[in-house]
Amino acid sequence: MKRIAVIGAGVSGLTIAQQLSHKPENEVIVYEKESQPGGLIRCQDVQGNLFHTCGGHVFNSKRQDVLDWFWNRFDQGTEFRKTDRYSVVHMRDELVVPYPIENHIYCFDQSIQEAFYKDLDEIEIEQKKWQPQNFEDFLRLRFGQTLYDCYFQPYNHKVWRRPLNTVPLTWLEGKLPMPTVEEMRYNNQHHIEEKQFVHATFYYEKEKGSQFLANRLAEGLTIRYNSPISSIQTEKDGILVNGERFDNVVFCGNIKQLVSILEGVDVTEFVQPIEALESHGTTAVFCEIDKNPYTWIYLPSDQYKAHRIICTGNFSPKNNAPSLATNRITATVEFTDEIIKEDILRNLQAMPYHPTYLTHHYNQYTYPIQDNGTRAMIQQLKKRLAPSGIYFTGRFADWEYYNMDVAMGAAIDLTRSFFDIV
Ligand SMILES: Cc1cc2nc3c(=O)[nH]c(=O)nc-3n(C[C@H](O)[C@H](O)[C@H](O)COP(=O)(O)OP(=O)(O)OC[C@H]3O[C@@H](n4cnc5c(N)ncnc54)[C@H](O)[C@@H]3O)c2cc1C
């Protein structure tokens with residue numbers, strides 16, 4: 001038997017463990033520090049309503065092998081609802097513009113429309129001359145100054161809480177629609193909706209939200225809950241995980257912790273760059289809000305600090321308690337980093353859709369921030385650890401802006417590369 005320890009029962013750890021358990025010669029044990037599976041996709045029941053303690057997780061993928069893997073474990077027809085994204089930007093002046101904003105310039109008044117089309121003429125020439133090196137330059141060069149000023153700058157400033165010219169570009173791929181100037185002209189003329197984006201159409205669980213997904217992926221696995229791993233030590237004939245012997249370890253927690261608990265492999269040169277890695281947390285505030293038809297509402301206004309409302313009550317009717325008034329739904333209001341309850345309540349009062357507070361949850365690690373050297377450094381550390389039988393993958397292990405499907409894909413790739421699993 002080969003004994004393999006998987007650390008973390010989030011999407012990455014559960015995917016790895018499911019993959020590895022296929023081989024009868026593998027004995028796989030998952031360690032999870034919390035009392036339930038899911039990590040970032042965990043949900044809670046709050047007075048009969050479903051609270052995503054982080055975000056409002058929906059599923060889809062561009063990778064066929066990930067879709068095949070996923071739908072082998074779930075029944076699409078009976079367990080999921082398929083929904084079209086209907087997101088809007090709620091502008092400072094209460095104007096509501098469908099997302100992505102660059103396809104719906106015709107919703108704005110004449111002066112904004114004229115300025116936008118003048119910008120397009122300019123950026124068409126500029127784009128041929130230079131490549132952006134930071135997020136601010138990228139947004140100006142891609143969408144023009146008018147949209148940058150009225151939406152991209154104020155919205156992203158709330159999300160990133162730093163000058164946008166200090167935000168690198170490595171994380172961007174697949175995260176924003178990337179229309180060309182020609183496409184923006186065409187889309188506006190013909191009122192075209194964006195369909196290429198991974199979550200333009202998505203699947204959502206009929207009951208229990210993403211906790212249902214985590215619970216299903218945890219089925220059949222040996223998972224030790226309430227078991228934080230605080231020591232990984234290589235020896236001549238194996239690896240000790242909190243003192244227990246294994247042949248291999250797959251770490252799916254936070255890379256900052258991994259380098260601090262590892263003994264027996266020299267990772268000294270990685271300690272400082274990993275300590276320096278930056279990230280954001282999120283305060284997810286569970287609320288009742290006015291009924292509306294939207295999935296996500298983006299909020300650029302500087303009159304309050306929240307940047308997005310995820311209308312989870314619209315994802316499945318079961319997410320709302322039967323006792324909820326018929327003109328209300330439940331939703332998650334998101335704030336970057338930690339915000340105290342008093343401040344939350346003050347902010348909610350200034351927001352549209354009349355949110356009333358139910359509860360909130362703060363996650364310290366939600367958005368990794370890469371710099372230009374992060375990916376190369378992480379790859380080097382992987383190479384350093386692999387000969388000892390220690391591997392890692394996951395959003396905060398790889399310090400990557402992974403969606404669930406991308407995390408699943410990375411986990412599947414890892415088992416193919418190192419464990420010979422097809
Ligand atoms: C606000 C927000 C919204 C999102 N929305 C979507 C969406 O709609 N669709 C989508 O596809 N993706 C979405 N994502 C991305 C998605 O959440 C992640 O891709 C996915 O959850 C990452 O899973 P993971 O297993 O890599 O990490 P995590 O979920 O962080 O799991 C790590 C697990 O390891 C455990 N752990 C850590 N250290 C230890 C230790 N020492 N010992 C034992 N256990 C340990 C943790 O408790 C946790 O359970 C969103 C992310 C955020 C932040």
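How many bridges join S13 to strand S20 (residues 390-392), and in which sense do the two run? There are 3 bridges, and the strands run parallel. Before going further, a word on the model: it is predicted, so to speak of a local feature takes a pLDDT of at least 70, side-chain atom pairs count only at pLDDT 80 or more, and totals for chains, interfaces and linings use all residues. Numbering starts from 1 along each chain, following the sequence as written.

Strands and helices here are DSSP runs numbered from the N terminus, with at least four residues (H or I) for a helix and at least two (E) for a strand. Two strands count as paired if DSSP finds at least two bridges between them. Buried means 20 or more other C-beta atoms within 10 Å of a residue's own, exposed means 12 or fewer, and partly exposed is in between, with C-beta atoms placed from the backbone.

Elsewhere, an open sheet of 4 strands runs in the order S12-S11-S10-S14, with mixed pairing. Its edges are strand S12 (244-246) and strand S14 (262-263), each of which pairs on one side only. Inside this sheet, S10 (residues 232-235) and S11 (residues 238-241) are antiparallel partners over 4 bridges, and Thr234 stands opposite Ile239 of S11.

Helix H6 (residues 145-160) is not quite straight. A kink of about 40° shows up at Phe152, shortly before the proline Pro154. The bend at a residue is the angle between axes fitted to the seven residues ending there and the seven starting there. The buried residues of H6 are Thr146, Leu147, Cys150, Tyr151, Phe152 and Lys158. They pack against strand S6 (88-90), helix H4 (110-129), helix H5 (135-143) and strand S18 (328-336); contact here means C-beta atoms, placed from the backbone, within 7 Å of each other. After H6 comes Arg161, with a positive phi near 50°.

Around the ligand there are 35 residues, and Gly8, Gly10, Gly39, Gly55 and Gly253 come nearest. A residue joins this group if its C-beta atom, placed from the backbone, lies within 6 Å. Helix H1 (11-21) and helix H13 (404-419) each put at least two residues into the shell.

Thr374, in helix H12 (residues 374-385), is buried because 22 other C-beta atoms lie within 10 Å. Beyond its neighbours within four places in sequence, Thr374 is in contact with Leu277 and Trp399. Tyr365 belongs to strand S19 (residues 356-369) and counts as partly exposed because it has 17 C-beta neighbours inside 10 Å. Leaving out residues up to four places away in sequence, Tyr365 touches Asn254, Ser279, Gly281 and Phe396. Its C-alpha atom is 9.0 Å from that of Asp337, 28 residues apart along the chain.

Terms used: Two residues are in contact if their C-beta atoms, placed from the backbone, lie within 7 Å.
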